[in-house]
Amino acid sequence: MKASLRLKLIIGFCVVTIPMFIFLMYNNYYAMKVVRTQVAQSNKNLLSMYMNQIDSTFEAIDHYLYTFILKDSDLAIIGHTNQNNNEAVIARQRIWNKMNADLTNLKNANMLFVYSIEQHDLLNTLFISNSNESLRFETVKSVLNRYLQDNEDVGFMDNRWRLIHRDGEIALIRLVQTEFNQVVGAWIDVSNLMIPLNFLDLGNDGEAFIVSEQGVPLTELSIEEMNKPDYRITLPNEEDLFSTLSMDINYLLVGAKSQYVDIYLSILIPESTLLQKLPYFQRLIFIIPLMGFVILVFYLIFLQNILLKPMKQLITGMRRIKQGEFETRLNNDKSREFIIINETFNEMANQIQGLKINVYEEQIRTQQAELKHLQVQINPHFLLNSINIIFYLAELNKNDLIKKMSTHLANYFRFITRTNKSIVMVSEEMKHIENYLEIQQLRFPQHIRYKTYVEPGLEEAAILPLIIQPFVENAVLHGFQMGEEAFCICVNVTRSKEQPDKLYEVQISDDGRGIEPGKLLELQQDSWQSDSGDNHLGIWNVRRRLKLHYGDTSQLQFEPGHPRGIIIRLVIPIG
């Protein structure tokens, strides 16, 4: 699949279209970023100009308040004289008249006042408002009076404009404390500062408003969600020109901070108005790859009929030939090139079929010869071991055992002579193993014992002759050692637990010395060869014979015994 022509065509198309799509997306993103930056910079400059005008108002009021304190001597009179004294009453009237006269010349100021900290007395001017409501005037006086009383302990020496947000009143006040324990101040409605911004053309959904440093909107907005008491606006950082605000639609947020008070002049500009025709280009950018994909589908269908389908037929034919189906032939195609290819394929298939039959027959003859050679190769190996046992018995003058040994040895060679064929029954092979183990038991009557078991129904199952012999022989030679406990060898033939109808298992186990982990790992490897040493010639023969006769169906497994010894398992097909 990774190297298919169809996949390569798709990858080639993606290699061409994806970079183009990414470039178009980046170009669109860059264009929107430029528009946002330019609009934000323009509005930032405009807001900064308005804020500078408002800051100049704050500065003018600051200047007025300090001048008023220094030049007006009536403040000293009302500060040192009883308020009911005629002189104090006249002084209060002069201050009230002067502040009312000066109020009309102070831009954006709604009210001027003088507050006596000791006497908790508030002297204020008229309240200049767009709605000349006396009820609101009383509310403003009440809010201001309570604010001043609540902050007497804190003091009024911070030289900053303060924000009041109480009882529905949102205002800025400036407080300057005199040496006569008085506070002279000015009140500005925040809504007054919005008058210049109301003339800005921000579109149907655009908004201009004032927000505190904590992100609390201080003026009414047409967006209902932003009028909630707990709503906070995330203002752009000082290094950023703007930030994006997501509501029902996306907005561009631009702000300018005052130098005298912690408020921002801010505007919200809808991106749909800002970007105008750019969304159409965005849709076009998404449509282009979609159109390319549709074209690719039709192109692949066209290639499927004239190129991919004939190639798939050719590949399928080659795979069937590889799997041994040599009668496979291809039909002629409409294209001249594929007609030549198919005719050449069919001719080659005819030749391969003929050659394969000849090679297969030759391989069978070779394998049969090799199986016989491997089988005969074990005979002198066992004969040498048997003669060696008789030699040891002769040294011990065990004549009766030598007779029995000779009888069993004769039966063994009679079995070898009779089994020139490549297959015997399990019962015959197990009888041969019992003869060998009987010989070993005669040699060491108190130290060797054995057990054999064949599951009913497997007595006549086919098995390669002398396939169990090398493992039993190795168990005696390498696992047996003289000790207080007898050495035990068990040979069991049972059906496989995984596939009882198809496989049976021959298990050879002992309780001897076992085998080193490194050598056990070496025997478990399928790639193990006879060049590991002559001592393992019999094991190599068994592995080779199983491979030649049964292929991958058979298995030869080694594992450590419990608590000691070794277990060998032969998994053989039932046949």
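**A friendly note on salt bridges, strands and a surface patch**

1. Let's start with Asp262, which counts as partly exposed at 34% relative accessibility (buried means under 20% relative accessible area, exposed over 50%, and partly exposed in between, with a 1.4 Å probe and protein chains only). Asp262 forms a salt bridge with Lys257, where the closest N and O atoms are 3.4 Å apart; a salt bridge is a side-chain nitrogen of Lys or Arg within 4 Å of a carboxyl oxygen of Asp or Glu. Lys257 is also partly exposed, at 33%. Salt bridges that share partners join Arg160, Lys257 and Asp262 into one network.

2. A word on what you are looking at: this is a predicted model, in which local features need pLDDT of at least 70 and side-chain atom pairs count only at pLDDT 80 or more, while totals for chains, interfaces and linings use all residues. Residues are numbered from 1 along each chain as its sequence is written, and side-chain values use heavy atoms, leaving out hydrogens and water.

3. In total, the structure holds 14 salt bridges. Side chains of opposite charge can pair when their charged atoms come close. Take Arg146 and Asp167, whose closest N and O atoms are 2.4 Å apart in their salt bridge. Arg146 lies in helix 4 (residues 134–150) and Asp167 in the loop between strand 3 (161–166) and strand 4 (169–177), so this pair ties together parts that are 21 residues apart in sequence. Helices (H or I, at least four residues) and strands (E, at least two) are DSSP runs, numbered from the N terminus. Arg146 is partly exposed at 34%, whereas Asp167 is exposed at 55%.

4. Is Asp102 buried or exposed? At 17% relative accessibility, Asp102 counts as buried, while Lys98, at 36%, is partly exposed.

5. Now follow strand 13 (residues 487–495), which runs parallel to strand 11 (residues 448–454) and is joined to it by seven bridges. Two strands pair if DSSP finds at least two bridges between them. Thr452 stands opposite Val491 in strand 13. Strand 13 also pairs with strand 14 (residues 503–510), in the antiparallel sense and over seven bridges. There, Asn492 stands opposite Gln507 in strand 14.

6. Finally, have a look at Val294 in helix 6 (residues 278–322). Val294 is partly exposed, with a relative accessible area of 37%.
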